[in-house]
Amino acid sequence: MEPKISEKAWNPELEKKILRQWEEEKIYDFTPQEDNYTIDTPPPYPSGRPWHIGAAAHYSQIDMIARTARMAGKNVYFPIGIDRNGLPVELYTEKKHKIRMRETERGEFLNLCREALDDLEAEMILIMKSLGISGDFAHYYRTDSKEYRALTQSTFIELWKKGQVYLANRPNNYDWVSGTTIADAEIMYEDLATKLVYMKFRIKDTDKEIIIASTRPELLCACRTIIVNPDDERYSEYIGNKIIVPITNAEVELRTHHSAQQEFGSGAVMVCSYGDQNDVALFRELELEEIVAIGLDGRMTEVAGEYAGLKPKQARTKIIEDLETGGLLDKVEDIVHRTPVSERSKTPIEIIPMEEYYLKQKDAVEKIKKLGQEITFHPSMHKQILMNWLESINIDWPISRRRYYGTEIPIWYCKDCSEPHVPEPGKYYRPWEEKCPISNCTKCNSTEFVGEERTFDTWMDSSVSPLFISKFNRDDEFFNKVYPASIRPQAKDIVRTWLYYTLLRCEQLTGEKPWSEAWIMGYGLDEKGMKMSKSKGNAIDPLPVIEKLGADTFRFWSASEINHGYDFRCNEQKIESTKKFLSKLWNVSRFLSSFPVIESGKLSASDEWILAELDKLVKECKKGYDVYNFFIPAIAIREFTWNVFAAHYIEMVKARAYGIEFSDEERDGAIFTLHKTLSTILKLLAPIAPFITEHLWKELYSKDSIHKEKQVIPENKEDKSNITKEISEFNSKVWNEKKSHNLSLKDSIKIDIPESLSEFKKDLKSMHNLE
RNA sequence: GGGCUCAUAGUCCAGGUCGGUUAUGACGUCGCCCUUACACGGCGAAGAUCCGGGGUUCAAAUCCCCGUGGGCCCA
């Protein structure tokens, strides 16, 4: 009998043809019904080349969620979006064109960013499509589109009107040379020579002194507290005492804090606004009131007293002299200090408070905690990341950024009285280049306005993704059908940002949770478990891998290698070797394609046994698919298909299937069981490897897509795994025996079949050619 | 610096909640074998101080404590 399938191995080239078919037949199209399964797909951010291979694995798995849900009979809404707002593309563009954002005309700079995004986006879309992602590419959205930005702005305007937004001072990184604030991402660290100044601080109402070392003595006037390590016994008796700051004679409290290192200087640290990032954290944590010691002009402010007007470096020199004169100086050491400097100007940055917009979030924490409790997390352990984060929130959310490529903050200020005005929601506004849509200032009736130049933090955009995909405020009927979404799949590293902010924003705007389930995936690392980065040279480009090995190989690797929720390692050779399983499946199918598909047959003990094992597999897969953990079915399917079905069952029934020395009835039992098992395997595997299962399904079982099938339901058959163990032990025994006697596998041999396997006697005899 | 998390053969991974056979499977390696689905295969073999130290226990990969190293987020 000639097998219907003639090729000897799975050819990934077939994937392209299958993709075209899916597109033509529109098998993943979504029409909203009463019950829908909405996936709040993460819109990936095009930050550079190549796209992270871990992200490709991530999207493969998100697609498995969609396919699992479809096969469970759900009406799946699987939107695709691209996140295009934010700093990375600005940095990418500056580097690519060797320009600086602030020295380039804003409109021109935005165009260059857009071009860069378009290129990078095209590559990501190509990868996602090649991976077989069954999302809605025809209507993919961009977070920098007019519609999306209009939504971000509308939601801001709504919250502004509810009084949820306010202005406050916030420490910013400031680069004096460029004259701008810079983002944390633009800071690098350099070891620079500086002086470590040991100063004498007196403990109030005693004649005792504490020596405090600092590289920034000019900030004495901004000192708010002194900290020592709680384990540091040198200071334990003075905790809570008032300390007199030299020069200013201000009184501050001595406290303990774990961030004080006993080995550094004298172990006591002065906390000033702001010497470094640690000071910022301490001011926030200890709720200290900041003192602005350095002004926007880069000089000491009036709080510095006689040092006012000096540059910090001059003030430092003078203050050291004065300390010495006043007998307040212990000693000065020359040290090398790890100093934050601006990436562009290479000069040390200062941290100074500037006015920024804040969105209230502290009041919402308890509500969000409750929402968090109502959401099912897969895996459940990652709910802890959110809960810990909620515990640690102690400031409102700063939402304004002094950047260009983002959604503009829709505010105009009256030129005369500075009163801020927000426009009506519903449209996309660009205040930096558009005329104010309001004709007169509501406060002073002036007609002249100045547009806000700042943009939003990008999380302001991405945090409304469930509202955008459900057409919030644009199509109420659609919104009511698909919101709240069913599931939010996302990576672990952005639980505190994207997941949290989405909960916050959606609660503020709809009063409801945005989804009922959150699915959290681990982080993709290199083969040694280190983070992948372009600079380390250990990044793997997913595109050539997928092109060479095919999407199904990549997807099956992703499912079988990544235990859900845990970090995973990416190794090209490992991905490549995964292909062997697909070949195995292909060849099993090729063998079965020699036999007609029949509806029934007389089942022998062997058939009953493998069907019981198959049922156990169905049950095991369901366990994984129910919680969208694809590692469980992938491992179980490979194990069953290769090591049970192919290795033992197929070998046992081969002769029977050919009808050699068996009745037609017996033969049909084998053929029926073979097809029943394979077709079940294909359906079980379809969400993970959609291409090869589709191809084999159509070759063998139906002209319709396997992706229209419903998932198999376990029948709870009797567990026969003990038989599996016995059969495989017996087979091994025979194989070993033949080997030790230098016999070929087809040679005849005399070995007794154990009593417990007597039911399988006929099949085993023909399999091994037993006498 | 803080929080969370991980650590099992050359490599990846299971087991860990609920302590108790010979620690699962895959990749890779080595040997033999073309047996009519498959050499991208079959059979077999070697390969693990279960990260280190301490504790609880008759018994620890598993539970507890202290380290070390990796990862993520926050600072």
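**Close-up views of a predicted model**

View 1. Strand 5 (residues 165-175) and strand 14 (residues 350-359) pair in the antiparallel sense over ten bridges. Strands here are DSSP E runs of at least two residues and helices are H or I runs of at least four, both numbered from the N terminus; two strands count as paired if DSSP finds at least two bridges between them. Within this pair, A168 stands opposite E356 of strand 14. The open sheet around them has four strands in the order 6-5-14-16, with antiparallel pairing. Strand 6 (180-182) and strand 16 (397-398) stand at the edges with a single partner strand each, so one side of each has no neighbour in the sheet.

This is a predicted model, in which local features need pLDDT of at least 70 and side-chain atom pairs count only at pLDDT 80 or more, while totals for chains, interfaces and linings use all residues. Residues are numbered from 1 along each chain as its sequence is written, chains are lettered from A and ligands numbered from 1 in the order written, and side-chain values use heavy atoms, leaving out hydrogens and water.

View 2. Three strands form an open sheet in the order 15-23-22, and the pairing is parallel. Its edge strands, strand 15 (376-378) and strand 22 (485-491), each pair on one side only. From one strand to the next, the twist averages 20°. Strand 15 joins strand 23 (residues 515-521) in the parallel sense over three bridges, and H378 stands opposite W519 in strand 23. Helix 13 (residues 495-510) lies across strand 15, strand 22 and strand 23, running at about 160° to strand 22. Axes are lines fitted to C-alpha atoms, for helices over the stretch in contact, and angles run from 0 to 180 degrees between N-to-C directions; contact means heavy atoms within 4.5 Å.

View 3. The axes of helix 15 (residues 551-561) and helix 20 (residues 690-700) come within 7 Å and cross at roughly 120°. Here A551, D552 and R555 of helix 15 meet P690, F691 and I692 of helix 20.

View 4. R84 and E121 meet through their side chains in a salt bridge (2.9 Å, N to O), a term for a side-chain nitrogen of Lys or Arg within 4 Å of a carboxyl oxygen of Asp or Glu. R84 sits in the loop between strand 3 (79-82) and helix 3 (87-97), and E121 in helix 4 (residues 106-130), 37 residues apart.
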